[in-house]
Amino acid sequence: MQVLVIDDDVAVRQTIALLLEDAGIEVIQAADGKEGFRAFQRARPDLIVTDIIMPEKEGIQTIIDIRKQDPKLPIIAISGGGRIGNTDFLEIAARLGASTTLPKPFDPEVLVDLVRKLCDDAKRAATN
Amino acid sequence: MSSDRAGPTEPKETVVDEGLVDKLRRVLWGSGKTHEVRPVAAPRKTLTWKQAGGGDADEAEFLGQIRQLLERTPSLQASRVNIIGLKRIKERFGDAWQRVADRADRIARNVIERHLDPGDIYATWGEDTYITVFARLSEQEARVKCYLIGNEIVRTLLGDDASEYLEVKTAVTRVDGSVDLKAVGSMDQMFEGAEVISPLAPPELKAGADDAPRTNDDTGLTLVPIERDRVVQREADAVRANVLAGVDFVFRPMWDPTRNVIATYLCVPRVRLSDIDGAVGDASLAVAGDSDAMARLDAATVARVKGDLRAMAADGRRLIIAMPIHFETLCSTALRRRCAAEIGTIPEAMKQYLVIEVIDVPAGVLKSRLMEVIAPLRLHCRAVSLQVAIGTIDFTQIRGTGISAVGAEIAHLAKSEFILMQQLARFQRAAEKAEVVTFLHGAQTRSLVAAAVGAGFHYVDGDAVAATLARPDRIVPFQLADLYMPR
């Protein structure tokens, strides 16, 4: 299982990577949406974890672009931006293509469980 | 737009000039004195340094060192070295100077740096003396430019009735080789010599039959012997013709992400670039450094917005218009009064739909100065906001001044999105501490819009939100999802 983690915050990105690697999941990393989209095209990972607010290409646009090429790929959108007035980045991300969302900060176990579950669901869907 | 504005800003990139800078530094401060290298904003090639310890400079030593500089740099003419002094301003402040010295220094640096071109340098001597060397200007041009810079510093600090505190000197070499400083205290002194080079003067002026042109060996510019008033008038005409003839206005829809609506439109003056067919530029950039053109542009902006508010009153549209006015224009008592009087003629019922956005506010401007500048405008509008540099990280001066919002324009900044996003977050945090609303102009990408909204900015505009319009349109619902809709 290979997961692409896209986040401009090095600390967050590496923490997520370590967490997933400890759970036996192979991880590739990208520092922004543009780099992430290129990594997606190159590596075709099993799942993507992406932040929303990032330079160059932010997360929602990245999700939209990836969805155009792969409508079924599991994508988890994470964000610390949360709710600003009536504006909720994660809600929009879900509406525009994220499989599920996770507001920062989150419980590490929740993320690992979510990654496993979404990958399993995707595999099952592919075999059916 | 200028670089530093209202409050301390973060360190900028270092751009080091070669040759003359090193020589000047070695000569002025080489013998056992430590100095501090201070970077200034790109793209200008400039470098500044400061005499350690500050305090009053010893004039004889100072002159001796300028003399050494001139001796070691044959290509440098004495009169290209100009000095701007804040000593009289310091005396005017008296004991209060210690409290305002840092801010006065920031303002002076900000003004000087804004007027420097690639190759120019400046240095500080003590805590109140600034030395400028313009690489590509003739003596006369350097003197004129230095005078205008000094004038802007004094106006920013004390207002336009304070020209008596202006202290500009030019270095002159005596017959015996010694160096002296000659005061340039008035327009007459500034134009002494009656040989004026005018890069702004129209071509017909340079080719005038009565004014046999000669070439200046140093600059390659054409020297035109002509009386002062004609030159001043022609320069003003040239600037007006170049800058203001082609001005038009567009309106940028400002998105309020907390209310999911566009109900505010920023008036943006633009200038047609005569040499590129169909191209337009930011008129505020075109007039930068020219107070007269700036004031004319502001007057044109007020007239336009007034017309739009009247039209709104007539057709029932209820929108808010943000109107930019240069801080420098408002620093002039006469222009400020004229501006306030003009705005005062807006129908009472429509004043609640006007926000005055004061732009190009220098870094560290005094609270009392801000209040003085803003008070006459407050009566005639819904709110007054300040447009400052995105690197500004302290808004403590704004508290209690009647300013309700601060923001920045980022469209023209050559910075990576990563850096800009960090600055957006810091800017917003500082504004929150001062309890003021924030706005961001010129967000050109969705990433920057998302970062601004995520940071907590209250208004965001730019191409990524919506295209500019010929007139303020109507109230438009606009949600985050709309940012991603195909256009």
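The model is predicted.

Chain A contains five helices and seven strands. From the N terminus, its elements follow the order β-α-β-α-β-α-β-β-β-α-β-α. Of the 128 residues in chain A, 40% are buried. Among contacts in chain A between residues at least 6 apart in sequence, 64% link residues at least 24 apart.

The strands of chain A include an open sheet of five, ordered 2-1-3-4-7, with parallel pairing. Strand 2 (26-30) and strand 7 (100-103) of chain A form the edges, and each pairs on one side only. From one strand to the next, the twist averages 20 degrees. Strand 1 (residues 2-6) of chain A runs parallel to strand 2 of chain A, and five bridges join the two. Val3(A) has Val27(A) as its bridge partner in strand 2 of chain A.

Helix 1 (residues 10-22) of chain A packs on this sheet. Helix 1 touches strand 1, strand 2 and strand 3 (47-51) of chain A. The direction of helix 1 makes about 170 degrees with that of strand 2 of chain A. Helix 5 (residues 108-127) of chain A also packs on the sheet. Its contacts are with strand 1, strand 3, strand 4 (75-79) and strand 7 of chain A. Between the directions of helix 5 and strand 7 of chain A the angle is about 175 degrees.

The contact between the chains draws 20 residues from chain A and 18 residues from chain B. On the side of chain A that touches chain B, helix 3 (59-69) and helix 4 (89-95) of chain A each supply at least two residues. That side of chain A comprises ten nonpolar, five polar and five charged residues.

Backbone geometry was examined next. Most residues other than glycine have a negative phi, and most peptide bonds are trans. In chain A, the peptide bond between Lys104(A) and Pro105(A) is cis, with omega at about -5 degrees. Pro105(A) sits in the loop between strand 7 and helix 5 of chain A. Glu56(A), a residue other than glycine, has a positive phi near 70 degrees. The loop between strand 3 and helix 3 of chain A holds Glu56(A).

Asp360(B) is not a glycine, yet its phi is positive at about 60 degrees. Asp360(B) lies in the loop between strand 15 (354-359) and helix 14 of chain B. With 25 C-beta neighbours inside 10 Å, Asp360(B) counts as buried.

Two packed helices are described by the angle between their axes and the distance between the axes. Helix 12 (residues 333-344) and helix 14 (residues 367-378) of chain B pack at about 20 degrees, and their axes are 9 Å apart. The two helices of chain B are therefore roughly parallel, as the angle is under 35 degrees. Helix 12 of chain B passes helix 14 of chain B in a right-handed crossing. On helix 12 of chain B, the contact is made by Arg336(B), Ala340(B) and Ile343(B). Helix 14 of chain B contributes Val373(B), Pro376(B) and Leu377(B). Five of these contact residues are nonpolar, none is polar and one is charged.

The second pair consists of helix 15 (residues 417-433) and helix 16 (residues 446-455) of chain B. These helices pack at an angle of about 20 degrees, with axes 9 Å apart. Helix 15 and helix 16 of chain B are therefore roughly parallel to each other. Their crossing is right-handed. Contact residues on helix 15 of chain B are Glu417(B), Leu420(B), Met421(B), Leu424(B), Ala425(B) and Gln428(B). Those on helix 16 of chain B are Ser447(B), Leu448(B), Ala451(B), Ala452(B) and Ala455(B). By class, this contact has eight nonpolar, two polar and one charged residues.

One further residue of chain B was considered. Ala183(B) belongs to strand 7 (residues 179-183) of chain B. Ala183(B) is partly exposed, with 13 other C-beta atoms within 10 Å. Ala183(B) and Ile84(B) are 99 residues apart along the chain, and their C-alpha atoms are separated by 9.8 Å.

Key: Residues numbered from 1 in each chain as written. Chains lettered and ligands numbered in written order. Predicted model: local features only at pLDDT ≥ 70, side-chain atom pairs only at ≥ 80, totals over all residues. Axes fitted to C-alpha atoms, helices over the stretch in contact; angles between N-to-C directions. Helix = DSSP H or I, 4+ residues; strand = E, 2+ residues; numbered from the N terminus. Parallel < 35°, antiparallel > 145°, perpendicular 65-115°, else oblique. Left-handed = near helix turned anticlockwise from the far one by under 90°. Contact = placed C-beta atoms within 7 Å. Nonpolar A, V, L, I, M, F, W, Y, C, P; charged D, E, K, R; others polar. Pairing = 2+ DSSP bridges. Buried ≥ 20, exposed ≤ 12 C-beta atoms within 10 Å, placed from the backbone.
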